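The following dialogue takes a new reader through one structure, feature by feature. Please keep the sequence and the model in view.

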Amino acid sequence: MNFELTEERRMLQDTLRRYLRAEYSTERRNAILDSEAGYEPEIWRGLAELGVIGALFDEADGGFGGAGFDIAVVFEELGRAGVVEPLLDGALLAGRALAMAGRQDVVDALIGGEVQLAFAHYEPGGRYDLDFVRTAAVGGRLSGRKAVVMHAGAADHLVVSARDGDEIGLYLVAKDAAGLDIRDYPLLAGGRAGEVVLDGTPAEPLGLGYDALCGLIDLAVVAQCAEALGAMETAVALTQDYLMTRKQFGRPIGTFQALAHRMADLLIELEQARSAVINAAGMVGTDQQAATLAASKVLMGRVGQLVAEEAIQMHGGIAMTQEYELAHIAKRIVMADHRFGDADYHLERFIALSAA
Amino acid sequence: MDLSYSAEEDAFRADVRAFLEAELPTDLAEKVRLGRDLTKAEMEGWHATLNARGWLAPNWPKAFGGTEWNAVQRHIFDEEAAAAHAPRVVPFGLSMLGPVLQKFGNEAQQNHWLPRILDGTDWWCQGYSEPGAGSDLASLKTRAVRDGDHYVVNGQKTWTTLGQHANMIFCLVRTDADAKQQEGISFLLIDMDTPGVEVRPIILLDGSHEVNEVWFTDVRVPVENLVGEENKGWTYAKYLLTHERTGLGGVGFSQAGLEAVKRIARAETHNGKPLIENTHFAARIAHIEIELRAMATTNLRAISKAAAGEAPGLEASMLKVKGSVIRQEINDLARRAVGPYAMPFASEGVAGANDTVPDPHDAGPVAAQYFNNRKLSIFGGSNEIQRGIIAKVAMGGGR
């Protein structure tokens with residue numbers, strides 16, 4: 001048994017943390033939130049140069065990582081800094097799909113930071129259901145709608161799920177393809193997404209089916225849990241600092257037992273969250289993958305809500321202001337539960353898998 | 001024990017409902033239902049409609065132009081107004097300053113200021129909180145120094161709700177720096193057009209602009225704007241904070257909110273079935289509804305006591321805590337119900353954003369409201385302060 005990160009992963013973690021500390025201040029991030037594009041190409045290129053995108057891919061695919069713990073290390077740091085650049089959808093989901101499909105040209109460009117991608121799977125009315133795919137693939141053309149597609153407006157290519165008869169498959173669509181309409185809008189927790197309408201849009205089949213899709217979403221769950229963990233660590237650290245410095249009634253508010261005990265509870269739950277992410281990252285590729293990921297997503301949903309709400313409450317009014325770091329971090333934490341299945345969705349999955 | 005309303009109370013409810021049906025504009029109600037920001041003109045318009053009916057000041061005596069409704073009538077009105085999605089009456093002049101002037105103001109102040117609250121000449125805001133003071137209100141630092149016929153005010157107030165619309169602010173200021181914390185405070189009325197008053201917006205985490213900082217630099221305030229006696233402001237402030245505490249549980253808002261959640265959950269599907277039939281989600285709704293039913297009765301018990309003229313006990317603090325938590329849980333359910341569509345951000349600040357941001361459930365910005373309503377357990381004496389009050393009364397502060 002060994003719970004230490006490998007030397008390579010620790011270096012990746014250190015480098016990424018140092019880079020984000022230097023380049024991703026609250027002020028800079030808040031400017032990105034307010035920007036038209038909703039992301040900062042310079043940051044994206046910076047992350048690519050550091051090898052952060054490459055760390056999400058196997059060596060065979062031109063990367064130098066790609067395992068559960070590589071993904072967890074990267075996304076925990078992105079979460080800690082509240083990064084809104086869409087690496088989860090644009091690099092991990094779309095990129096790994098293209099790597100599986102052997103589209104090495106696009107993967108190389110992605111790892112080099114030269115291409116923007118989006119992953120368009122969920123549909124209006126489908127909630128988090130993975131097999132809810134009504135977009136139809138007929139004769140190499142796609143027709144249908146996709147919901148809340150991250151980064152859709154800025155993407156050069158979209159990986160799109162569609163149904164050809166009974167078979168769900170993944171397809172590649174270019175941004176200038178005929179019959180593709182994207183209406184994009186800002187997101188509450190930063191970044192942009194779009195409603196995607198395909199109307200007889202030419203698409204290239206990637207030769208990937210429903211199982212591949214499920215595997216990709218599993219990786220996304222690992223990443224999303226790790227990102228939420230990083231954000232929770234920031235929320236707890238900010239709260240801890242605040243309780244020790246903010247004075248009311250003549251003493252630091254952390255000396256009031258009512259708050260001190262709640263802080264202790266947050267620290268206990270944060271350890272639960274750390275372990276849940278380790279479970280998720282460690283069980284990728286094993287026969288425990290499905291149940292473990294469901295369990296971790298449930299726990300992260302529960303603890304995330306507790307941490308976000310308690311951190312705001314214990315801060316008081318200051319945490320309600322847009323410009324304070326915690327406001328954005330708390331939104332990232334809560335919105336993580338709205339991606340790839342919320343706590344209720346994964347609770348059902350866990351029950352079903354445990355009963356099987 | 002009788003849990004039913006009297007025939008008179010039922011008739012009153014019917015009157016209120018008929019009034020709302022006739023006078024509440026549908027587009028205004030729709031904005032309220034969707035949690036959109038109302039313009040100053042919309043809020044003033046609703047005040048004028050209520051004033052024309054003589055219903056703008058439910059807790060004022062008739063002598064001052066109020067309705068003199070008892071607590072049950074006020075509750076019925078609040079419940080019907082919330083169900084109809086009527087705008088909230090802006091409380092600063094009507095519920096807060098009005099009763100203080102009626103009890104502690106002199107005749108000249110009453111004659112001058114009270115009619116102006118009713119007819120909308122003045123929009124008041126509240127200058128209590130200060131940076132660093134928070135729930136420890138008495139530690140406020142804004143100074144007022146007497147200079148002839150004026151006070152000269154210097155300092156800063158914060159969390160000033162709707163201060164951007166106000167032309168008047170009632171303030172707690174320190175007039176005796178040497179007295180014990182709560183004894184050197186005075187209650188001052190300040191015209192916000194006076195040189196040296198500056199209002200700066202605070203943008204909240206949901207992107208909304210509802211609160212402000214108000215800065216005072218050598219602001220000269222005529223001494224006739226002092227309410228009551230110098231250095232007795234804390235008494236008036238406490239009266240203001242404890243007065244008019246029915247409706248604190250927000251039962252009407254919770255009931256309306258829960259209906260909205262059910263409506264979304266009937267339309268939303270999961271595994272091909274309506275979300276409202278999903279065991280986990282249905283249980284979440286049920287747990288909150290069960291709490292709300294009990295709290296509605298706690299609320300009525302407190303109202304009934306107040307209507308009988310009994311002194312308020314700890315109900316206000318208890319209803320504040322329980323009511324805020326229930327409302328927040330309903331906001332939480334609403335954001336869960338819409339699933340991935342909780343993520344889009346319909347900012348009032350972004351021109352045209354509401355036209356392009358998808359809202360398939362016609363639910364309004366429920367996730368933004370979830371974050372915005374975290375304030376319910378923070379402002380007006382945080383839930384921690386309320387629990388402290390309850391514990392202190394129950395156990396004598398441990399002494």
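Predicted model: local features only at pLDDT ≥ 70, side-chain atom pairs only at ≥ 80, totals over all residues.

Q: What span should helix α3 of chain B have?

A: The expected span of a helix is 1.5 Å times one less than its number of residues. For the 14 residues of α3(B), residues 40–53, this gives 20 Å, and the end C-alpha atoms are 20 Å apart, which agrees.

Q: Which residues of α3(B) are buried?

A: A residue is buried if 20 or more other C-beta atoms lie within 10 Å of its own, exposed if 12 or fewer, and partly exposed in between, with C-beta atoms placed from the backbone. In α3(B), the buried residues are Trp46(B), His47(B) and Leu50(B). Seen down the helix axis, the buried residues fall within an arc of 100 degrees (taken from the directions from the axis to the C-beta atoms), so they line one face of α3(B). They pack against α2 (26–33) of chain B, whereas Ala41(B) and Ala52(B), on the other side, are exposed.

Q: How many residues of strand β3 of chain A are buried, and which strands pair with it?

A: Two strands pair if DSSP finds at least two bridges between them. Strand β2(A), residues 136–138, pairs with β3(A) in the antiparallel sense over 3 bridges, and Arg141(A) is the bridge partner of Val138(A). Their hairpin has 2 residues between the strands, and Gly139(A) there takes a positive phi near 55 degrees. Strand β7(A), residues 192–202, also runs antiparallel to β3(A), joined by 8 bridges; Lys146(A) stands opposite Val196(A) in β7(A).

Q: Which residues touch the most other members of the largest nonpolar core?

A: In soluble globular proteins, nonpolar side chains tend to be buried together. A nonpolar core is a set of buried Ala, Val, Leu, Ile, Met, Phe, Trp, Tyr and Cys residues joined through C-beta atoms within 7 Å. The largest one has 158 residues, and Ile71(A), Val159(A), Val222(A), Ala235(A) and Ile333(A) touch the most other members. Helix α7(A), residues 210–245, gives the most to this core, with 15 residues.

Q: How many residues does each chain give to the contact?

A: Two residues are in contact if their C-beta atoms, placed from the backbone, lie within 7 Å. Chain B gives 39 residues and chain A gives 34. On the side of chain B that touches chain A, α12(B) gives the most, with 3 residues.

Q: Is Ala368(B) buried or exposed?

A: Ala368(B), found in helix α12 of chain B, has 25 C-beta neighbours inside 10 Å and therefore counts as buried. Leaving out residues up to four places away in sequence, Ala368(B) touches Leu188(A), Asp206(B), Gly207(B) and Phe345(B).

Definitions and conventions. Residues numbered from 1 in each chain as written. Chains lettered and ligands numbered in written order. Helix = DSSP H or I, 4+ residues; strand = E, 2+ residues; numbered from the N terminus.
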